[in-house]
Amino acid sequence: MQALSPMEISAVRAEFPALQIPDQCVFFDNAGGSQVLKRVADRIYDYLLTSSVQLGATYPTSTFASTRVIAARLAIAELINAADAHEVVMGGSTTGLMFQLIQAILPGIQAGDEIIVTNTDHEANIGAWKRLQQAGAIIKVWQVNTESMQLDLEDLENLLSDNTKWLAMTFASNVLGTINPVTEVARRVHAVGGRVCVDAVAYAPHRLVDVQASGADILVFSFYKVFGPHYAVLWGHYELLHSLANLNHFFIAEDNLPYKLQPGNVNFELSYGCQGIAEYLVAMGTQFGGKGSRRELMQFAFDKFEAHENFLAQRLLNFLNSKSKVRIIGMRQVFEGNASRVPTISFVVKNTQSETIVKRIDQFNIGIRFGDFYARHLIKALDLEKHGGVVRVSIAHYNTVEEIDALIGHLSDILQ
Ligand SMILES: Cc1ncc(COP(=O)(O)O)c(C=O)c1O
C-alpha cells in the first residue's frame with residue numbers, strides 16, 4: 001500500500017481535463033461513473049470530424065474508417081486479454097449487452113436447466129437471467145453470508161448440480177467491494193458442466209482484466225466506469241459465442257462473430273475512443289518505469305494504481321472503524337486473510353438515514369452518494385432499507401490523499 005508520488009499523481013491527473021476545472025467537486029462517486037480521459041474524448045472528436053462514414057465501402061475515407069474501428073476492436077481485445085478479437089462484442093451498456101446475451105442463450109434453454117444467480121449482484125446480472133424462466137429454467141440464488149458479507153463457497157456446493165447450466169456472479173460487488181474468487185467458482189461450475197457469466201463492472205476500474213485467466217465463459221463491463229464513454233464490452237469464448245443464436249439479420253452467417261451478436265452498427269466513434277484507455281495504461285506504465293510488452297506495461301500501471309487506491313481506502317476504513325456508530329458494509333480492511341477489496345466503501349450510521357450524511361457532505365463540494373445502487377436484493381438481505389441504503393464512497397486512482405483526508409475531516413465533524 002503506497003500512495004502515488006507527487007510526480008506520478010500529477011501525471012495521472014493531467015490526463016483528466018475534468019480534474020483541472022477550478023472549484024471542481026471531489027469525485028468519490030467513481031463506481032457510479034469515472035471521469036473521462038482526454039485521450040478518449042480527443043479520439044471520439046477526431047473520429048466524428050474526420051472519418052464519420054459508413055464502413056465497408058471501397059472509397060478511401062470508408063477504408064480509413066474501417067481500419068480505425070478494426071484497430072479499436074483489437075486494442076480492446078488486448079485490454080481484456082482476449083485470445084481473438086472476434087470474441088469482443090460491443091454495445092451501449094452492460095445491462096443492454098446482458099439482455100442481448102440472454103436473447104441469444106434463450107433458444108438453447110430447456111425446462112429444468114438450472115441457473116444460479118447471487119443476491120449480491122447489480123440487477124443487470126440477475127434480472128436478465130430470470131427471463132429464462134419463460135423457457136422453464138429454474139433460478140437458484142447464492143445468498144450472501146449476512147455475517148461475513150461474503151459469498152461462501154460451501155453454500156455454492158449445495159446449489160450446484162448436474163443440471164447447472166449457468167452461474168452469474170459479480171467479480172466485485174458495487175456495494176461491498178469484495179473481490180470474489182471467480183476462478184475458483186468457475187472451476188467448480190465447470191466441474192458440473194456449467195458456465196460462468198461475470199459482471200466485471202465494479203472490478204475493471206481497479207484491476208487489469210484478463211478474461212483468459214479469470215476462468216469466466218462470459219465477462220462484461222462498461223467503459224464509463226473505466227475512464228471512457230457510455231459504452232460496454234461483452235467477451236465470451238469463441239466456441240461459446242459461436243454456439244449462440246443469431247441476433248442479427250437472417251443473412252448474417254452463424255459464424256460471423258461478433259456481428260451476429262451485435263444487431264445494427266456498433267458505435268464507431270466510441271469504439272475508437274475506447275482505444276485511448278489502453279493507450280493511457282501503456283503510457284502510465286512506461287512513465288512509472290515499467291518495462292516489457294504492452295500488457296506488462298498496463299499491468300505495471302494497474303499495480304501502482306492498486307497500491308495507491310489501497311492506501312486511500314485503508315485510510316478511510318481506519319477512520320470508519322474508529323467510529324462506534326458506523327457499520328462498514330463489506331470488508332473492514334483492504335486485506336482480510338486471502339480476500340481483498342476494491343476501494344468502493346459502503347457504510348451506514350446508527351439511527352441515521354444515509355441520505356442525511358450524503359446531503360451534508362454535498363455542502364463541501366464532495367461527490368459521494370447513497371442508495372441501493374441497483375443491488376436491491378443485497379440491500380434487502382442485509383436489512384439496510386431502513387437506512388435508505390448505504391452511504392458509498394467510491395475511490396479511483398486519480399483521487400488524492402488530500403481529498404480523502406478532507407472527506408474524513410468532514411465525516412468526523414458529522415459523526416461527532
Ligand atoms: C456492478 C454493476 N454492474 C452493472 C451495472 C450496469 O451497467 P450499465 O449502466 O452499463 O448497464 C452497473 C452500473 O452501475 C454496476 O455497478
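**Exercise 1. In which sense do strand β5 and β6 pair, and over how many bridges?**

Start with the ground rules. This is a predicted model, where local features need pLDDT of at least 70, side-chain atom pairs count only at pLDDT 80 or more, and totals for chains, interfaces and linings use all residues. Residues are numbered from 1 along each chain as its sequence is written.

Step 1. Recall the terms. Strands (E, at least two residues) and helices (H or I, at least four) are DSSP runs, numbered from the N terminus. Two strands pair if DSSP finds at least two bridges between them.

Step 2. Read off the pair. Strand β5 covers residues 164-170, and its pairing with β6 is parallel, over 5 bridges.

Step 3. Find one bridge. Alanine 168 has cysteine 197 in β6 as its partner.

Step 4. A residue is buried if 20 or more other C-beta atoms, placed from the backbone, lie within 10 Å of its own, exposed if 12 or fewer, and partly exposed in between. In β6, 4 of the 5 residues are buried, so the strand is largely enclosed by the rest of the structure.

**Exercise 2. Find the order of the strands in the open sheet, and its edges.**

Step 1. List the order. The 7 strands run β2-β8-β7-β6-β5-β3-β4, with mixed pairing.

Step 2. Name the edges. β2 (88-91) and β4 (138-142) each pair on one side only.

Step 3. Look at an antiparallel pair. β7 (residues 218-222) and β8 (residues 232-236) share 5 bridges in that sense. Valine 220 faces leucine 234 in β8.

**Exercise 3. How are helix α10 and helix α11 placed against each other?**

Step 1. Take the axes, which are lines fitted to C-alpha atoms, for helices over the stretch in contact; angles run from 0 to 180 degrees between N-to-C directions. The axes of α10 (residues 268-287) and α11 (residues 294-321) come within 7 Å and cross at roughly 75 degrees.

Step 2. Classify the angle. Under 35 degrees counts as roughly parallel, over 145 as roughly antiparallel, 65 to 115 as roughly perpendicular, and the rest as oblique. The two helices, α10 and α11, are therefore roughly perpendicular to each other.

**Exercise 4. Is asparagine 318 buried or exposed?**

Step 1. Locate the residue. Asparagine 318 lies in helix α11.

Step 2. Count. Asparagine 318 has 12 other C-beta atoms within 10 Å, so this residue is exposed.

Step 3. The C-alpha atoms of asparagine 318 and glutamine 333 are 7.8 Å apart, with the two residues 15 apart along the chain.
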